[in-house]
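Thanks for coming. Please have the structure open.

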Amino acid sequence: MNGVGVPLLAVEELVQRFPARGGHRVAVDGVSFTVAAGETLAIVGESGSGKSTVARIVLRLLDPTAGRVVLDGDDITKVRGRALRRVRPRMQIVFQDPYSSLDPRMTVQATVAEPLRVAGRRGEVSTRVREVLDLVGLGPELCDRYPHELSGGQRQRVGIARALVLSPELIVLDEPVSALDSSVQAQILNLLVALQKRLGLTYLFISHDLAVVRHVADRVAVMHLGRIVETAPTEALFVAPAHPYTQALLSASPEPDPEVERQRRRIVLRGDLLDATEVLSGCRFRPRCWKATDECAATDPALAVLGGGEPGPARHQTACLHPG
Amino acid sequence: MSAAAVFGDALHPALQVIGLAVDFPVERALVRAVAGASFSVRRGETVALVGESGSGKSVSALATMGLVDAPGRVSGDVRIDGHPVLGLREDQWRSLRGRKVAMVFQDPMTSLNPSHRIVRQVAEAIRVHDARVSKHDARDRAVALLERVGIVPAAARARDYPHQLSGGQRQRVMIAMAIANQPDVLIADEPTTALDVTTQAQVLDLLRDLQQEMGLALLLITHDLGVVAGIADRVVVMYAGRVVEEGPVDAIFTRAAHPYTRALLASVPRVGAARGTLRAIEGSPPNPGEVVAGCAFAPRCPLAEERCVARVPELRPVAEFHRAACIFGDQITAGRLAP
């Protein structure tokens, strides 16, 4: 599915600065990626990586300081008014917490129907709501229920139904299972994968959880302090992570297997993210990196294809002077 | 040390919970959050109490610390170093908490005072139990404790306020306060859930080291089976207010006898496993207050039959030190039944 024709979503050199004490804070610093139609790109990172800011820019909820967002060949970075209202239905979001993202005073029916009403498609409400509830595995008997009468899994299904109701092409999934109980997470992940196959959806999957990402993503981009430090097809990234930060993330992700945990040689990073935010030159991961050399202080590495060659979405790329 | 205390140390687990029940009155009815849970933690042992939200794991921990407030009702028996503690007066609890049993919570920001320097908060935790310690000495000990938990350089960082620290560092300060009076039992309720994965690994390493160094009885409450696999000696699995399985960590992960434990393990995405359909558990756990006849997992269980609904299955041995509350437990461990 990679790289044929125009990607559904292309993000080019995004920069997002926020005002902060004594100047500004750079939340996103030159991020570019593409997502082909029908594909899932996961953006992985810890808190402060900028992954959620990228999601908000893509959805046009935030105006970037610089860079472009291109949907299906059209630059949507600056669209407003009527043009923006035409773009909105093509991209939807599913939030992390189905407890806080649903209006407690609205029934399931009203919640799922709201985007149709806003779009002026009232006539379709009754049939379309039932259709999407069926797609997410909820029966019509739930239409009159309120969020507090639903389980966590049911609530997240309502959130997905609401995102589907306008037949979008792109769905941004912002930590869609992080707030769910472990026994319910797998249900929702399997549902998302099945819906993608059935409806040809394109997913931008934002997550901090590498195990979840491995199960849903075609490609992965790892973000660290506002930059993509590594990107690759999912299996390549998990089997042979090249950036020390990716290696540290993988080695720190606990595996539910006591034998694996006992054998594990964990990479324990020095300090935390705070130590890296003050780096002004060279690689920003350097203060926490066990491979850092003088060269890393002098050069700020750019994404490059491992082993050389032309960059492309299917290539394994990393921003490190000492990869592997 | 009195003879009784010495005997107590030798004979009793540091923490023993027997038939614990916790009820909360809600709109003229009683919601049973914990329905007769029993487990124990010995000195030098790490026990993971595992469950989803509503399983009763956190309420059990609060009850063990005497922290379930009225109108919640606690019954059963909780013993710390062999001494029954349920029904103690608040002033008696205050002398016990911190000195015998201490707790670390998920979110350190709500437990730390934002307007006091961290060294003062650790020093106060020391002086609460021993007013004879001078302020100066308490401060020195506090700095040493901060150093021990990895706030370095402690002499300089001690004067920081909580907001100047990262989430991981704040959790380290909470741990310093918890171990300040050398408790026998440390209860950690989802101590790393709010942390990033690289920070989580550091904090778990710290807890593991302290547990071994101080011979703590560590009760770790978590929903994360990956964390459990890396740190626990024994595992206690709770579902809908009851203990459904308990055993050594390897037995639980490789020879689980309860269909719920098996299903949970099969549904967890693994970093080391290639893409594939996850084995989801259909349905969801019962809502708080929802009364399920018999085994609470029966509505979601592929093996369930009429007997399961007739009455609540008891915890029964399926192997040495390994018990499960399922009438098929023996057959599942023997490999004759695969849920």
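In chain B, strand β10 (residues 242-248) and strand β12 (residues 322-324) run antiparallel and are joined by 2 bridges. Strands here are DSSP runs of E, at least two residues, and helices are runs of H or I, at least four residues, both numbered from the N terminus. Within β12(B), A324(B) is the bridge partner of E245(B).

Before the rest, the ground rules. This is a predicted model, in which local features need pLDDT of at least 70 and side-chain atom pairs count only at pLDDT 80 or more, while totals for chains, interfaces and linings use all residues. Residues are numbered from 1 along each chain as its sequence is written, and chains are lettered from A and ligands numbered from 1 in the order in which they are written.

Now the sheet. It is open, has 8 strands and mixed pairing, and the order in chain B is β6-β7-β8-β3-β9-β10-β12-β11; two strands pair if DSSP finds at least two bridges between them. At the edges are β6 (101-104) and β11 (316-319) of chain B, each with a single partner strand, so one side of each has no neighbour in the sheet.

Chain B as a whole contains 14 helices and 12 strands. Its C-alpha atoms fill a box of roughly 65 × 50 × 45 Å along the principal axes.

Last, the interface. In chain A, 39 residues are in contact with 39 residues of chain B, contact being C-beta atoms, placed from the backbone, within 7 Å. On the chain A side, α6(A) gives the largest share, 7 residues.

Technical notes
Two residues are in contact if their C-beta atoms, placed from the backbone, lie within 7 Å.
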